[in-house]
Amino acid sequence: MTTDTAMLDFTIVPSTTPMAESDRLRAFDNLGFGTLFTDHMAVVQWDADKGWHHAEIKARAPFQIDPAASVLHYAQEIFEGMKAYKAQDGRITLFRPEENARRFNKSAIRMAMPEVPEELFLKAVAELVKIDSKWVPEGEGSLYLRPFMFATEAFLGVRPSRQYIFCVIASPVGPYFKGGSKPVTLWVSEHYTRAAPGGTGAAKCGGNYAASLLAQSEATSRGCDQVVFLDAAEHKWVEELGGMNVFFVMDDGTVVTPPLSGTILPGITRGSIIQLATENGLKVIERPYSFEEWANDARSGKLREAFACGTAAVVAAIGTVRHSGGEFVIGNAGTGMETEKLRNQLTGIQRGTVADGHGWVKDVASL
Ligand code: PLP
Ligand code: COI
């Protein structure tokens, strides 16, 4: 698909009905995940004739789309998840935002959608964070950013749409899991799978999440926080959770994580953890790890710790794993030492309290 490289200027029309400061601060007292939204959104249009055009920052409001819009029928939709943080010195920062821009475009290619020039993606995110800067919580919270693109052409034939909207919305968030940083309980889906070889598992498209919901409901009904998917071909190899990658810390200082086989999302947190763990002296091995091996290693004590990681969830220790045949615990079902260390390093870098030796943190004001 074609891309326009010319940079667009955003027309900025501030909301005339922003939330009252007292209401916003009250809402900040009890932040969960993804229910509270800021005053504005960034919107850019694409069509096959003009390419990207009409870039706006405006009051957050519903879209009006045609009932035949192809996203409503054939699910041409992709998204990203990233966070803005308020550093102690008052700066507002993003963590590796260019990685989100690149992954967004890989998802776009897989879903036959137009790429968003990296500069335009970053500008949309930065302009939204700037106008809604008072929505970035201090302390433990952050401003979750959700860039997404969907097909709007009114056409029922099955082919790529010739019109799209790229949009960014923002939501002040606290912890993803209700239990905060307490270890999570997982449900292993032995029946439903998330993605097959040659499918869309490595793309961040809405359809992957729709496909995960029944399995996630099964997990919830069994008192679990998240579902673990096994591979589609053999139902044997651990892939990832509904919305996070997974790591296993062994008693010999090795760390195992499933490889980027094309069926899992290449997490930006995953990549960062691999780098940090390696620098901490751990040997990270990206290899297939079976559910059977997982259960055996947990029982023998070879597996000391396991954790899930992602932008929304950050780093969450895995305490208990349930499956159709019973359950097992990992270590003492608490948060392991390496997990805690990696979580502190990562969140410290993101929040500016630990030196960023990798150039991962970007000041929003510089974008
Ligand atoms: N895997 C899935 C299915 C996800 O939805 C996410 C979250 O975005 C991740 C992994 C972790 O990716 P990242 O660390 O880039 O947020
Ligand atoms: C993210 O971490 O950004 C995701 O998209 C995952 C989802 C569970 C919210």
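This is a predicted model: local features need pLDDT of at least 70, side-chain atom pairs count only at pLDDT 80 or more; totals for chains, interfaces and linings use all residues.
Residues are numbered from 1 along each chain as its sequence is written, chains are lettered from A and ligands numbered from 1 in the order in which they are written, and side-chain values use heavy atoms, with hydrogens and water left out.

**Helix α6**
- The twelve residues of α6 should span 16 Å at 1.5 Å a residue, and the end C-alpha atoms are 17 Å apart, which agrees; the expected span is 1.5 Å times one less than the number of residues.
- Buried residues in α6 include Ile 268, Thr 269, Arg 270 and Ser 272, where buried means under 20% relative accessible area (1.4 Å probe, protein chains only).

**Ligand 1**
- There are 17 residues around ligand 1, and Arg 103, Tyr 209, Glu 240, Thr 269 and Thr 311 come nearest; a residue counts as near if one of its heavy atoms lies within 4 Å.
- That shell splits into six nonpolar, seven polar and four charged residues; Ala, Val, Leu, Ile, Met, Phe, Trp, Tyr, Cys and Pro count as nonpolar, Asp, Glu, Lys and Arg as charged, and the others, Gly among them, as polar.
- The side chain of Arg 103 has an N or O atom 2.7 Å from an oxygen atom of ligand 1.
- For Glu 240, a side-chain N or O atom sits 2.6 Å from a nitrogen atom of ligand 1.
- Ile 268 uses its backbone: an N or O atom there lies 2.8 Å from an oxygen atom of ligand 1.
- On its own, ligand 1 has 380 Å² of accessible area, and the protein covers 96% of that (Shrake-Rupley method, 1.4 Å probe).
- β11 (238-241), α6 (268-279) and β15 (303-310) are the elements that give two or more residues to this shell.

**Ligand 2**
- Among the residues around ligand 2 are Phe 79, Tyr 176, Gly 243 and Thr 311.
- An oxygen atom of ligand 2 is 2.5 Å from a side-chain N or O atom of Tyr 144.
- Lys 204 has a side-chain N or O atom 2.7 Å from an oxygen atom of ligand 2.
- With Ala 312, a backbone N or O atom lies 2.8 Å from an oxygen atom of ligand 2.
- Of the 290 Å² of accessible area that ligand 2 has on its own, the protein covers 89%.
- Four nonpolar, three polar and two charged residues make up the shell around ligand 2.

Note on methods: A polar contact is a pair of N or O atoms within 3.5 Å; within protein, one must be able to donate a hydrogen and the other to accept it, and residues adjacent in sequence count only if both atoms are side-chain atoms. Helices (H or I, at least four residues) and strands (E, at least two) are DSSP runs, numbered from the N terminus. Buried means under 20% relative accessible area, exposed over 50%, partly exposed in between (1.4 Å probe, protein chains only).
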